[in-house]
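Student: I have a structure to read and would like to go through it feature by feature. Where do we start?

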Protein chains: 2
Amino acid sequence: MADPVKYVYDFADGDRGMVALLGGKGANLAEMVGVLGEDRVPPGFTITTEACVAWMRLGREPDGLERQVPEAIARLEQRAGRKLGDPDDPLLISARSGARESMPGMLDTVLNLGINDRTVGGLARRSGSERFAWDSRRRFAQMFGNVVAGIPGELYENELGAVKSSAGVEFDNELGVAELRRLVEAFEALYREQTGTPLPSDPVEQLEMTIRAVFDSWKGPRAVEYRRINGIPDDWGTAVNVQQMVFGNLGSDSGSGVAFSRDEMTGAPKPSGDFLFDAQGEDVVSGVRNTLDLDQLAEPLPEVHRDLLGILATLEAHFGDMQDVEFTIEEGRLYILQTRAAKRPARAAVRFAVDAVSEGLLRRPQALTTIEAAKLDQLLHPSFDPDHPFGALARGVAASPGAAKGEAVFSAEAAVEAAHEGRDVILVRRFTEADDVAGFNAARGILTSEGGKASHAALVARGMGRPCVSGAAEVEVDAKKRLMRVGDTVIREGELIAIDGSTGEITNEDVPLVEAVIDEYFETVLEWADEIRHLEVRANADTPDDAARSRSLGAEGVGLCRTEHMFMSADRLPKVRAVIVSAEEQDRRRRLEALLPLQQGDFEGILREMEGLPVTVRLLDPPLHEFLPPSRSLEAELERVRGEDPDRVEETERMIERVERLSEVNPMLGTRGCRLGILYPEIYEMQVRAMMRAARAVTDSKAERPKLEVMIPLVNYERELEIIRDRVVSVAHEEGMEVGKDFRVGTMVELPRACMAAGLIAAQADFFSFGTNDLTQSALGLSRDDAEGHILSVYLDQRIVDRSPFESLDAPGVGALIEMAVARGRAVRPDLKLGVCGEHGGDPDSIEFFNQIGLDYVSCSPFRVPVARLAAANAVTRAEAAAAMTPWAADAGAHTPA
Amino acid sequence: MADPVKYVYDFADGDRGMVALLGGKGANLAEMVGVLGEDRVPPGFTITTEACVAWMRLGREPDGLERQVPEAIARLEQRAGRKLGDPDDPLLISARSGARESMPGMLDTVLNLGINDRTVGGLARRSGSERFAWDSRRRFAQMFGNVVAGIPGELYENELGAVKSSAGVEFDNELGVAELRRLVEAFEALYREQTGTPLPSDPVEQLEMTIRAVFDSWKGPRAVEYRRINGIPDDWGTAVNVQQMVFGNLGSDSGSGVAFSRDEMTGAPKPSGDFLFDAQGEDVVSGVRNTLDLDQLAEPLPEVHRDLLGILATLEAHFGDMQDVEFTIEEGRLYILQTRAAKRPARAAVRFAVDAVSEGLLRRPQALTTIEAAKLDQLLHPSFDPDHPFGALARGVAASPGAAKGEAVFSAEAAVEAAHEGRDVILVRRFTEADDVAGFNAARGILTSEGGKASHAALVARGMGRPCVSGAAEVEVDAKKRLMRVGDTVIREGELIAIDGSTGEITNEDVPLVEAVIDEYFETVLEWADEIRHLEVRANADTPDDAARSRSLGAEGVGLCRTEHMFMSADRLPKVRAVIVSAEEQDRRRRLEALLPLQQGDFEGILREMEGLPVTVRLLDPPLHEFLPPSRSLEAELERVRGEDPDRVEETERMIERVERLSEVNPMLGTRGCRLGILYPEIYEMQVRAMMRAARAVTDSKAERPKLEVMIPLVNYERELEIIRDRVVSVAHEEGMEVGKDFRVGTMVELPRACMAAGLIAAQADFFSFGTNDLTQSALGLSRDDAEGHILSVYLDQRIVDRSPFESLDAPGVGALIEMAVARGRAVRPDLKLGVCGEHGGDPDSIEFFNQIGLDYVSCSPFRVPVARLAAANAVTRAEAAAAMTPWAADAGAHTPA
């Protein structure tokens, strides 16, 4: 028979490389034993995550565990010099969960295991404090009942409150032995009442029940929810750490606390923390008593204070990251119970990275990996003042970062009007459409009750850098009555509303906003990132303003300029509509001439801003009917002009007919992208002419020649590309511009067919830009518009997906298609330039994937450019680490898309 | 320097294996020289298709051709014993195009090259007929001017008519020398007038200009159109065959004709044909004079008649296929100018195949490959009586085969009503929707003015075996006024209309219909096909009737039973709607109970009909709102009940609200397929319960246990499948049925994501069925509903695609995805059963692809089952031939999807 699986490791047998097996807490405990020595870390052992996974699969303890746990206890008893259940000098232990990634508050802990009516006396004698012994017993009864048996915490609090008030005391630590004995009795009665069985007194039974409870808690709703939000796989499981108890509640030379190796809010190089004398850890966390600052330890216990600071520095240096430590002082002796990388706001993370390098603690690449790229976004947008608490009215999807406030308005027109009058407004809609875009520009922020992170509102808002909360299902929008309702609260047009697009919060309170500050640390971090990364970072920019903003944030080009957004502005839309309603080509050509100088102006502005950096312009992409008014509003308009403006009846009727003719059952799968270019060649001709003239104008006036890239969208067949490319080249030629010399022509790869046939298509393309939004949509047969907030929210709940595929690239499907297209395209054309435009170009996990498959660039919305720069650098560092198999690579891989 | 490319082959140097290079005609001429000897085939040479391709690429004659043609002419002169331009005994030659596949009438021919004012006299002397010589010159001037210079044929006809009427004769051959001389003058003047240059008299110049014209004609609009319709690649090019002229117009012992080795209409083993005495080939084809039957050759020229019959038999035996031969008799001597496989109607093809085997001419597999599988369909449906000519009113897409006639009706209700009264009707709609399905059943045929071969109307009609003409753009349907217009013709409800869904023809004449006859030949062919094929052939059948029909046509199971079609019948739709309008799960569950026995009944019927053959039932697939009435009709209904039926106001309002809530921007990419199963588990539960109970009921009463396969549609993620599979298994278990033993669970692979992740998905599936309709739609980002008749028709016109990807599998895109899914799926699960359901399961080219990649079965609509059986057999034979590289394999590969 094969050796049974080893499910239990003593702390002394593990190390930090064993995170997957021992969990983060267990691996760090093991590592700490090595770094700080056995004296600083109370002894114990870890039951592996594999045991948890096997437990979940089998529905029972896996073979071997029943033997390995008692053996580990025996070793622990020997090291501690005490025995579980020993009535004279009992060993008490704790059991804590510890998953691969920290999941604070999500899984459960039981302290003081081993206490019962036979050992409480021994504990009292050894500690010299009967009160301590009974308090420990009281705590055990409470935690065990709550965590293991699931008895509501408030039932315990009620009993505790009753006893405290009858004793006339305010704090738990003022209770005397008699009260504590009464409480233990009450808690044991409560346990019996709720479970039908007595509170177990056998220490081994206590431990076994606790282990099972910890394992089960992995499947508890809070843990599931946390994993869903944080994208942690269900099948990782949790480890259980069993450790000798040390006591911070043995009097005034005892205490417990948490400490950070640096200031946890700012990252400044000064340790910070909170502690309490005569208390156990949970007293510090619970906030019942006001905690003391770390400095306040220096005077009463100077050696402990000095040792703690030294340990913080040692651990930080050893782990190469800012540490968050739990400590206990037992009768003047300092123990470290846990260390982990400190969670910190973006500002602190950035500061730490820069300081760590200048202190020689880390090299630049590693320093950068200590910053979570996605969080950088926080630093670029205003936020609600954290010092000003407020009541949230509702919560939606955090769709575009930043906070904003203003008067609620319920139509794009009202927003534009208010903006003209200089008033700040928030545009509130059920959902937004192309028609609303002018309102986005005019508003400070956007709130919708439908749609998710990839809704029209979210996409446009992110593109424009406007804060947006979308899909706030509790909000009922009544645009006709110009009001919104949340439960009983009614907010009418003109009343104040505030949103935070980084958190999804909505309030009607006047919360102060804090402006974004881009400081030297931030700049330094991005400079270093630029040195390391291979991926070029471009921005999606549709206007000269966007282009300017993206350059100031470090974009190295425009990866996607959507020409249709230029068509949407209030002064142009009528001209665009005039083109679309003409059923005759000649008529359309004539009307397009009016648009040509306008488009040329846009392109000139963008090319000037980009000063010789590449600018990829996408030819018209969306279905034409997106530019037309919805049929309902047209019917109303027809009614109106019939009465008021008879001359316009015919025009309106023609518009209605055209809208009907252009309507499609599934517009996303209809006449759009290059299909428009095949059906209406004159539109693309105008656009190409405009951009060629713009490029010439800019060339004439600038030293840096513009790098224009013409992008043909939604290609399936090489022939589509060939036909349109030929026309582009010929129009450009008429304007004195030569392909290859003055501009390049490529395609947006955004259909699975194009990925499979990439070899054929590459023969006609100078570059591929993967349009991952549409590629995700078509590969999954799932509409962004329809799925987010509806199907996808159910899929997230049921753990069918860990993250929305529109947010983070679906590697096994969409990613595999891209990888195939890259291989097939490059096989035909080794110099093919390969990039990504689409939401995923700004998502760190997706960027890691794009780096891995060797793309040349990513393009994202301007405000995501810093995120992408850092993520691209970290992707390189992680890939190199993975290749070199350095110890810290194990952690680095955790975020790779599965 | 490398040897120049050989662009010219003498007939004696080629053979039939060189079709790609010499074209069909050239290769067969070469082969004939080998089989019949040089005496039967006038000598000549072939200029290769490569020369044509090089010509198109370079825009000029490729190097070497300028030398090789004169050399070949010299050899030809030697063999013929005459010289071009010899004034005493001139050689005349013909030049004919000949592509790889026969393209009748599409490319051009010039006869009598070499004639001019110096040679006409020699020709007269040699032939002893001045009239013949001038007639030849007249013909040359006419053909050359028409074909090479593109002068409209009617200008020549006008001159000819004028001369004939002034001479007072009816037929060309009654013209005397004087009139012919006048005509030649007139034609030469016409040429000068139209081209500005004189008609060339130098024979070599005549030939060179002709060769160029033939090459250019490959790009002519007629040729392009023919290739488009027949899916022939543009880059094949055409060969040019240059051959010594022989003359059928040298008097009464001369003649020209065409002959078939068997009866060309029935395939009966008796040669047939048409010929004329004293005529050239084009006289026979033009139909100006009434031709004679082949038998009529026997008396005047018995030896020639006997030789011809012998040659027909020899050629048929040699080529292994029914032959279509062009012959000329020159002064009693028989020449064969061309032989090719005879085009023939399905009936003749089937008869020939069976006879050829019984005569020992062919082995069964090869005999079957002489039948074009797609044509078998013709034999299963009634057709317009071919003996009854009629005037077509309009033409649409041949969307579902067979002819039908009846009163025009313009709504499904009217169709149902008429059917109740026993009247035959044709349902005429702009397009059809789910609501119209009851009307399909009631109507004899369906006519729509929009949509193509993959429109809803076409799909449903084919599924139900109803003839359908779709996308008849000239037909204007006014459903409100209950009439249709074609130009000035108005057809009102109740007036007669007839359609032929095999040809797309529409008429308002009372054309007699001829019923389908399935004869012994047909049965024999299919039996042989069954022996050869590897692919299993199943049918898509939604009702017991469908199932019965498909079995009678040889289906070996049901590959796709769409449960939603069961929901559409008039008695069930209200029950289905009742389910959908309930927003509460418990409510829905209760209402579903009413549907359960009905679904069970359907399944029982189908399982009984299939007697132990596999039946794959797909769980509910379409978006729920397809079952709901359109919002407009609901608004009208609300108006109505407000007045008439106040009790129903609330119900109607609820329905309106629900319809709005369920409406999606892109329903094809929305809440459908297994997403319904995730959102509304109770629906699938009901369906699974119904099928399990049905299977048990059938098991109890039958010897053959049913083979039930539960199919989960539209899967992307393995977790979707896992969740639903678990529920299926558990409901089945409640009904006493065990997975693996009593039924299997698989998935429809119809999304690109599922193909890429097929390895993961296979772990949860007993089988994959590729849903190629949806897979095409999602891989190409192209909606069937929106594309056919619109974008796709433009794409076909512009040669972006050769055939609609919804008709014939897009091999480089969709095919590549399927191939990948097959490889990934089988790698994980070697016993995975793999099939196709979808339109492509009945398309021969697609079937060849499916055979090639090793699928287990195809499933198609019942009437396509015979087509699929034959196509599957021919796929095997062709694959084996390709592997063995037998000579006839070269031809066989021509239809493989590119």
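Tutor: Start with a single polar contact, that is, a pair of N or O atoms within 3.5 Å; within protein, one must be able to donate a hydrogen and the other to accept it, and residues adjacent in sequence count only if both atoms are side-chain atoms. Here a polar atom of the D742(B) side chain lies 2.7 Å from the backbone nitrogen of E738(B). The side chain of D742(B) also makes a polar contact with the side chain of R705(B), at 2.5 Å. This is a predicted model, in which local features need pLDDT of at least 70, side-chain atom pairs count only at pLDDT 80 or more, and totals for chains, interfaces and linings use all residues. Residues are numbered from 1 along each chain as its sequence is written, chains are lettered from A and ligands numbered from 1 in the order in which they are written, and side-chain values use heavy atoms, with hydrogens and water left out.

Student: Where is D742(B) found, and is D742(B) buried or exposed?

Tutor: Helices (H or I, at least four residues) and strands (E, at least two) are DSSP runs, numbered from the N terminus. D742(B) sits in the loop between helix 26 (718-734) and strand 30 (743-749) of chain B. Buried means under 20% relative accessible area, exposed over 50%, partly exposed in between (1.4 Å probe, protein chains only). At a relative accessible area of 9%, D742(B) is buried. Contact means heavy atoms within 4.5 Å; leaving aside neighbours within four places in sequence, D742(B) has contacts that include P706(B), L708(B) and M737(B).

Student: How does Q323(B) read in these terms?

Tutor: Q323(B) lies in strand 11 (residues 323-330) of chain B. Q323(B) counts as buried because its relative accessible area is 2%. A polar atom of the Q323(B) side chain lies 3.4 Å from the backbone nitrogen of R340(B). Not counting residues up to four places away in sequence, Q323(B) touches residues including F260(B), L315(B) and T339(B).

Student: Which residues have the most contacts inside the largest nonpolar core?

Tutor: A nonpolar core is a set of buried Ala, Val, Leu, Ile, Met, Phe, Trp, Tyr and Cys residues joined through side-chain atoms within 4.5 Å. The largest one has 287 residues, and F768(A), F770(A), F768(B) and F770(B) have the most contacts inside it. Among the residues that F770(A) touches are V749(A), I818(A), L834(A) and C837(A).

Student: What do chain A and chain B bury between them?

Tutor: Buried area is the accessible area (1.4 Å probe) that two parts lose on being put together, summed over both. Chain A and chain B bury about 4300 Å², 60% of it on carbon and sulfur atoms. In this interface, 48 residues of chain A are in contact with 49 residues of chain B.

Student: How many salt bridges does the rule find across that interface?

Tutor: A salt bridge is a side-chain nitrogen of Lys or Arg within 4 Å of a carboxyl oxygen of Asp or Glu. The rule finds two across the interface of chain A and chain B. R753(B) and D810(A) meet in a salt bridge through their side chains (2.5 Å, N to O). Helix 30 of chain A gives the largest share of the side of chain A that touches chain B, six residues.
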